[in-house]
Amino acid sequence: MKRRTFLKMSCCLGAGLALSGLGLDLGAVKAYAADMKKADALKTAAQSTTICCYCSVGCGLICSVDKASGKIFNIEGDPEHPINEGALCAKGAGLYQVSVANEHRLTKVQYRKPGSDKWEQVSWDFALNRIAELIKKERDKSFITKNEKGEVVNRVQTLSLMGSSNVLSEECWATTQFARGLGYTYIDHQARV
Amino acid sequence: MSDGKSILVDTSRCTGCRGCQVACKQWNGLAAEQTTQRGTYQNPPDFSHQTYKLVRFAEGKREGSREPYWYFFSDMCRHCVNPPCMVASENNEIVQDEETGAVIYTEATKNIDFEMARGSCPYNVPRQNPETKVVSKCTMCFDRIKSGMKPACVLACPTALDFGEREDILKLAEERVAELKKVYPKAKAIDAEDVRVIFIVTDDPKKYHEFAEA
Amino acid sequence: MTNHWIDLQHSDVVLIQGSNAAENHPISFKWVMKALQKGGKLIHVDPRFTRTSSKAHVYAPIRSGTDIAFIGGMIKYIIENKKYFEDYVLNYTNAGFIVGEKYSFKDGLFSGYDPKTRRYDKSTWVLEKDEKGIPKQDKTLKHPRCVLNVMYEHYKRYDLDTVSSITGTPKDKLLEVYELYSSTGVKDKAGTVMYALGQTQSTIGVQKIRSLCILQLLLGNIGICGGGVNALRGEPNVQGSTDHAILYHYLPGYLPVPRSNRQTVEQYMDAATPKTSDPRSANWWGNTPKYVVSLLKSWFGDAAKPENGFGYSWLPKCDVHQNCDVLHMIDDMYKGKIKGYFCIGQNPCGSLPNSNKVRAAMTKLEWMVHVNIFDNESASFWKGPGLDPKKVKTECFLLPATANIEKDGSQATSGRWMQWLHKAIPNPGDCLSTGAIVTMLMHKLQAMYKKDGGAMPDGILNMRMDYLTADGKEFDALKVAKRINGEFERDTTIGDKSYKKGQQVPGFGLLQVDGSTSSGNWLCCGSFTADGQNLMDRRGKEDPTGLGLYPNWSFAWPVNRRIVYNRASVDQNGNPYNPARPLLQWKDGKWVGDVADGPWPPMGQEGGKLPYIMKPDGVASFFGPGPGDGPFPEHYEPLEGPLKQNLLSKQHNSPIITIFKSDMDKIATADPKYPLVLTTYSATEHWCSGGITRWQSWLNEAMPQVYIEISEELAQERGYKNGEWVTIKSARGQLDAVAMVTPRIRPFTIDGKTVHLVGMTFNYGWLYPKNAGDTCNILTTFVGDGNAGTPEYKACMVNIAKKA
């Protein structure tokens with residue numbers, strides 16, 4: 001028998017159960033009610049808007065956080081956003097996997113000693129103190145006050161910085177400031193590539 | 001009584017971005033499958049108990065020409081008006097929601113004859129979890145619909161998917177097909193009178209997917 | 001983008017060239033499809049038939065890197081057939097201006113080239129001026145040296161046969177595109193150009209985009225609804241990061257980088273400020289000094305005083321021609337000249353060209369600080385393929401950052417909308433924002449320099465970075481946003497209005513040169529109101545024009561203008577060229593519609609100003625001395641290509657590009673060992689080097705492993721089967737990939753011979769997932785655009801073999 005015939009015949013086979021709503025008390029539809037839980041949870045969730053972290057279309061999304069556990073449990077397109085009106089591509093639709101729900105997210109400060117074959121967990125204090133120390137040491141050693149022509153240039157060319165168009169504008173601006181304040185000239189990021 | 005809900009999938013507008021495919025996984029909390037690159041953009045290869053929404057990619061050359069075509073078929077359960085798969089449901093393992101018309105597989109489907117459910121489906125949709133034996137597929141996001149939201153795939157789609165009252169969607173499908181026919185004589189809305197998820201194609205349905213049409 | 005995403009719906013013809021918008025900016029297609037539903041047409045010009053092409057009315061295949069030839073041919077077609085929009089061209093461009101007598105173009109080179117320095121002396125690339133210093137003009141366009149005629153002379157060589165022979169685009173397709181697109185050169189039709197890295201990633205990238213600008217100006221398509229030259233930028237905040245200059249060659253707000261020949265702030269401002277003698281030119285950059293002083297005040301606060309040049313001397317100065325872009329940076333790193341490296345939210349070992357060189361360069365570092373939300377091939381370079389970690393002496397830090405959903409702050413879309421994000425959840429684990437990390441580090445350094453002194457401490461000690469929240473644990477984005485907007489640095493009265501110290505400056509028109517105002521980026525001035533309202537956080541959906549400008553949604557720089565150069569959308573009397581899409585109209589003595597490009601009346605009225613307010617002459621330039629490689633775009637071959645000889649001139653490659661000469665910079669042009677053109681790109685389901693997306697199971701599921709797209713013809717010729725693994729080699733390296741045999745790739749006929757093109761994504765890397773493969777950048781060439789330094793990812797030469 002062709003499958004098509006099934007479609008036409010099905011009315012004769014009995015149409016199963018027509019549910020009149022959630023109130024129906026039937027063991028078989030337990031899963032049906034369970035499926036409603038996420039939709040119900042949205043109603044009591046703490047919701048906030050964000051913007052997608054991939055291309056530059058600037059699609060809006062809504063993050064939903066369970067107030068009791070503090071956990072984020074849903075991220076989807078913001079239907080009120082005028083650019084995407086709720087729509088998202090594969091990457092945007094999967095933004096939830098950028099959250100800590102993803103076991104691969106980095107959450108600890110890591111350090112690798114010269115010649116070591118592994119990362120080790122360290123504290124922010126250790127890392128920031130050591131990085132500042134390394135910057136200062138190299139900067140003080142290699143700082144160029146004047147170029148060959150005798151012009152004041154106040155720069156350091158043995159330090160460089162890249163990034164990032166993946167952080168927010170205020171952070172970008174602070175990064176620029178950080179690098180220029182130290183005298184960096186090797187400053188670049190994804191905008192050029 | 002309302003005629004329930006419908007979804008229109010206008011493949012002529014689909015760009016194959018797969019927002020729908022991932023949005024479905026996100027909303028339903030479905031795990032990813034371990035896949036490999038087999039020489040196609042289409043992945044996972046097929047529906048499974050973890051994949052209810054799948055964009056099928058079909059490519060070839062236009063008749064008598066070197067010009068390629070690339071069709072995207074955002075496949076899902078059609079939520080038949082009279083679902084043939086219910087033949088496998090003896091004790092309400094498969095239910096049809098009156099308000100939306102959504103065809104819903106409950107956990108009790110672990111007790112049904114899976115081959116009968118799958119074999120009776122003209123679109124080859126139901127899939128079984130090999131461990132739990134539960135049979136599953138798209139739920140039309142009836143949970144979202146009842147909360148006043150669009151199905152996850154429809155919300156995510158930038159171009160091709162529409163959702164609404166069945167009569168409105170049928171009317172929209174008719175208008176779209178009329179418009180498309182001016183350029184594509186083969187344009188049609190597949191099995192529109194029998195299904196709630198109506199696909200518009202501009203070419204022979206078989207070129208999109210073996211089970212595009214009943 | 002001159003325009004914005006929603007505006008794409010107003011196009012009559014959409015030309016996507018050098019972009020795969022449907023795949024890489026998928027939601028743009030929401031608006032492209034709307035244009036098509038209204039009867040608009042879509043043209044896609046691309047080496048591959050992609051998801052974008054699948055929706056196009058006309059798909060034209062093109063060999064990677066040859067867009068100037070393609071567009072040059074269209075410029076010729078438009079002038080020859082008088083398809084240009086005459087009123088616009090005459091009044092709003094320099095078409096009628098007279099090119100100086102000494103300008104010439106011969107054998108592929110413009111006048112003034114010095115082969116020793118590989119630079120042009122631009123002194124002959126000038127326009128004739130009258131005794132008042134105003135450019136001479138022949139509005140009849142009869143003068144043989146008027147710009148339009150000189151331009152036609154330049155592109156006369158770009159005939160259909162030559163263009164087709166270079167690009168590989170069949171002649172009938174060229175004509176079809178030329179005819180369809182030039183149909184927008186009338187007052188009530190709009191054509192938009194959507195481009196992306198397909199244009200920029202080339203040794204002639206800047207000039208490719210200039211050729212698109214010329215095209216759009218000829219057709220009167222800039223400044224109007226549904227038009228524009230629209231760069232689809234590839235990163236979430238690359239517009240913001242560019243505006244704020246994480247780039248060596250300028251300062252925030254597109255102010256030039258201080259160079260050693262400008263020793264004082266006065267010298268710097270004088271050189272940076274364009275002048276005009278034409279009273280009809282607004283010459284907006286004439287305000288440069290106000291923006292410079294306000295930026296210095298913003299950085300150095302009270303320490304920036306008139307008597308110390310507002311701290312200008314503390315800023316680093318590059319030498320006059322010094323190039324510090326990413327390729328020069330990595331080359332110097334490879335040479336061992338760079339000791340310490342900060343890498344934030346990026347994966348250069350996967351995303352930069354010639355990955356083997358980049359990876360080798362990293363091993364020469366004494367230390368590296370990497371900030372990211374996931375590990376990647378750059379942070380963990382020391383355990384990469386072929387490396388013995390014991391021998392890598394680099395001290396490495398991997399600092400965990402917060403992701404966008406965990407932060408407050410703004411992000412700028414390609415359409416210049418600065419949109420505010422809201423923190424959804426607390427920082428996970430020990431994560432900190434990048435803003436907090438750089439601020440905390442600066443505080444540490446300030447303390448160390450204060451205590452112990454050191455080399456030139458002033459720039460560090462005076463740098464105002466008081467950006468931490470009250471508890472000192474995070475970055476206060478709101479405070480920084482106010483600082484970027486600009487604040488009054490003392491109680492100030494301007495006209496009849498008084499402002500208190502610390503109050504936000506309402507708009508850049510009020511920025512001052514005397515140090516009474518600060519602004520971290522003049523372009524963003526106005527994003528915060530004087531009473532502290534954050535306009536970036538607006539969600540108003542009003543649409544008074546009905547054109548989808550949404551003026552109350554977020555804030556668009558500059559001054560909430562949604563379409564820049566919008567005064568070019570109206571005629572001399574201020575009436576819209578296209579009354580059906582009235583972006584702007586002069587009514588009862590004021591502009592109605594979008595925020596006009598300046599308050600002045602339209603051209604035809606007294607006090608009227610020319611529409612191109614950022615150009616000193618007030619008009620757009622077909623002929624211009626901006627780029628370093630010529631006043632007109634000229635086609636040159638990619639550094640590594642299939643041809644021995646450029647078919648248009650004796651000059652094979654761009655004459656001004658830096659040729660890197662390390663032992664790892666091998667080039668194989670027209671080499672039978674590498675006969676296939678490789679073009680590279682990204683897929684929808686991954687993002688860039690995959691540094692974020694390869695850690696996500698749903699995306700890996702959809703695009704799990706590295707692949708190479710090849711034509712059925714090549715597969716048949718070589719005996720490759722779809723789905724089998726092959727090895728791809730270039731002169732620089734090799735990697736394996738799955739062969740994807742497809743009719744979407746086709747052979748080209750170039751200079752009468754068959755040339756095969758293959759394509760790969762740079763989405764993969766050795767670190768994770770384990771079986772996914774590596775980046776195609778192992779194959780690409782380490783060379784950049786002569787002007788912008790953007791690497792030529794889009795074209796190099798490779799060969800394929802069955803996997804051994």
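**Exercise 1.** Determine how H5(A) and H16(C) are oriented relative to each other.

*Solution.* Begin with the axes, which are lines fitted to C-alpha atoms over the stretch in contact, with angles running from 0 to 180 degrees between N-to-C directions. In this predicted model, the axes of helix H5 (residues 169–182) of chain A and helix H16 (residues 434–452) of chain C cross at roughly 25° and come within 8 Å; helices here are DSSP runs (H or I, at least four residues), numbered from the N terminus. Angles under 35 degrees count as roughly parallel, and H5(A) and H16(C) are therefore roughly parallel to each other.

**Exercise 2.** Describe the interface of chain A with chain C.

*Solution.* First count residues: 111 of chain A are in contact with 168 of chain C. Then take the buried area (accessible area, 1.4 Å probe, lost on putting two parts together, summed over both), which is about 12,200 Å² for chain A and chain C, 62% of it on carbon and sulfur atoms.

**Conventions.** Residues are numbered from 1 along each chain as its sequence is written, and chains are lettered from A in the order in which they are written. Totals for interfaces use all residues, whereas local features need pLDDT (the predictor's confidence in each residue, from 0 to 100) of at least 70.

How values were computed:
This is a predicted model: local features need pLDDT of at least 70, side-chain atom pairs count only at pLDDT 80 or more; totals for chains, interfaces and linings use all residues. Side-chain values use heavy atoms; hydrogens and water are left out. Helices (H or I, at least four residues) and strands (E, at least two) are DSSP runs, numbered from the N terminus. Angles under 35 degrees count as roughly parallel, over 145 as roughly antiparallel, 65 to 115 as roughly perpendicular and the rest as oblique. Contact means heavy atoms within 4.5 Å.
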